[in-house]
Amino acid sequence: QEPFVADEYIERLAWRTPGGGSRGGEAFDPKRLLEEFVNHIQELQVMDERIQRKVEKLEQQCQKEAKEFAKKVQELQKSNQVAFQHFQELDEHISYVATKVCHLGDQLEGVNTPRQRAVEAQKLMKYFNEFLDGELKSDVFTNSEKIKEAADIIQKLHLIAQELPFDRFSEVKSKIASKYHDLECQLIQEFTSAQRRGEISRMREVAAVLLHFKGYSHCVDVYIKQCQEGAFLRNDVFEDAAILCQRVNKQVGEIFSNPETVLAKLIQNIFEVKLQSYVKDQLEEHRKSDAEQYLKNLYDLYTRTTNLSSKLMEFNLGTDKQTFLSKLIKAIFISYLENYIEVEIGYLKSRSAMILQRYYDSKNHQKRSIGTGGIQDLKERLRQRTNLPLGPSIDTHGETFLSQEVVVNLLQETKQAFERCHRLSDPSDLPKNAFRIFSMLVEFLCTEHIDYALETGLAGIPSSDSKNANLYFLDVVHQANTIFHLFDKQFNDHLMPLISSSPKLSECLQKKKDIIEQMEVKLDMGIDRQVETLNCMIGQMKHILAAEQKKTDFKPEDENNVLIQYTNACVKVCGYVRKQVEKIRNSMDGKNVDTVLMELGVRFHRLIYEHLQQYSYSCMGGMLAICDVAEYRKCAKDFKIALVLQLFDTLHALCNLLVVAPDNLKQVCSGEQLANLDKNILHSFVQLRVDYRSARLARHFS
């Protein structure tokens, strides 16, 4: 039995044999175990022989059955071949019979079709005779429930009557035509009633009958008219139109055999009647009286119409629905779009001029004329070369005549104009129209506002010999930079997308470059002239030092009773300088800041250096001078200019010579910060000490 394991089988055999195992306390008997194994082997041999005989018998039986099965299969194959031959014969016979039947059917149809036509013709002749006699007796004409059959008959009679000569059959033709017309009206009336009752199946039946009548289009018109009854009750005609078309789109396929044509005709009717009258009412009211409202309404109406068109694109309207809807939109707006850009430019021009004039009026400023032509060009070239004011200086009272509110208003108007231009312009005219709007922006923002402010600012810069320092033009620079950033942002965000793929791009970029370069020249001129006013600042610092600095500050009477950390003059000068530095940083940017601050810092250092040379210093006075210079150095850090800070670091090191012990003078002078200075400079500072004349100090320094 499976699974068979020989080792386990031997173990079980030995276990069952008495004396065959060592467990249970029984002694091991090898003879009995050998005897048992020999007997068991003999039994297995006998069993093997018996099984072998049985296997041989089964093999013989299997071979016999295999031969019988092969013989039976051969017989079945022969029978199958015979059956297949019979099937082929039957198939050929069926094909023959089918051919005969088809031929017979064709013959029967050939006979029956003329017969049916003859019967149909006979019926039509019967009905035609009734029209000839002038009395309609047939049930099909008198029974209102058989209007469908009557319609089919009268439609055929009407076609026949068209071919009859008028002189002989004029009366009967008129009767048939009259009946044709009456039935047509009845069908249309039935369709109308079914539509009001909401009976879709009846509408479909009547529409199918009317399909062959001339009045089928009138049936469609009636359907379209009734669909719109009560559909436009709200103020939003565009939303009402979209809802109506969605409702009809679901229904029209169940009624008409050509639903796309009916839906397209409905949409055409909505556009040509409802929308066109609505647009006309909205635009004509403001067309001549209010350009701003006219443009807003035109943009809004055109946008909403195109949005409605996008929704209608979802429906099946035929093969080229895009062209169909575009033509409908064009038919509504063509008279308004033809001269759109002229209205836009005219409005933008008047609106921009009004914004500027309103601003100047609020400042009580009468805008002066900026000269043009040869004389002005000559003045401009002379001013660029000599950097001198040509003409009287104007007192602007600190007013820059630049307004971010004005700029934002101008940019907002232009932004809206660009949006309208993008929507309302023909694609071929879009770059040209966008360029015209940009030209308006350049004229009023850059020329009439910024350039005028720069000219006024240049005229308002005080001369270099003025007693009061005035950084007025730096405010103009700061505001002009801010406005340029806004101008450039609008150029990139709103103009570039409209002209990026057209030849107008290079023209706009060149125009922008020219106007910026023109204004940068004036800004640079003003900055250069404004730097000259730094002399006024230095003069103001000199005035503070002269008024506040006392000789006793650095040579106090009581050396042991000095309570201040630095002098009052130092405090006021540092306060004044910090205010000017902050104002310069707020008014300028980029390299201009560094240029002006470096110039101011160098002059500031020279002023303090020369100021310190005017006094003699006691030991405590020298300490106070060092404290002052340390405060000046803190102030110099606000400049954030390495050279200025280095100058004050050196000045601070020089001030140490005022207090250092005589024995350490040479060591200090050879230090890192003073080693490269001229010996005369070092000597000049040592001479400022009150103890310089002592023989000991002179000996040590020499």
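This is a short chat about a predicted protein model.

User: What are the ground rules for this one?
Analyst: It's a predicted model, where local features need pLDDT of at least 70, side-chain atom pairs count only at pLDDT 80 or more, and totals for chains, interfaces and linings use all residues. Numbering runs from 1 along each chain as its sequence is written, and side-chain values use heavy atoms, with hydrogens and water left out.

User: OK, how many helices and strands does the protein have?
Analyst: 25 helices and zero strands. Those are DSSP runs numbered from the N terminus, with helices being H or I of at least four residues and strands E of at least two.

User: And what share of the residues is buried?
Analyst: Of the 702 residues, 38% count as buried. Buried is under 20% relative accessible area, exposed is over 50%, and partly exposed sits in between (1.4 Å probe, protein chains only).

User: Switching to Gln 228, where is it?
Analyst: Gln 228 is in the loop between helix 7 (216–227) and helix 8 (237–255).

User: Buried or exposed?
Analyst: Gln 228 counts as buried because its relative accessible area is 11%.

User: What is Gln 228 in contact with?
Analyst: Leaving aside neighbours within four places in sequence, Gln 228 is in contact with Leu 244, Leu 266, Asn 269, Ile 270 and Lys 274. Contact means heavy atoms within 4.5 Å.

User: Now Glu 517, which helix is that in?
Analyst: Glu 517 lies in helix 17, residues 504–532. With a relative accessible area of 38%, Glu 517 is partly exposed.
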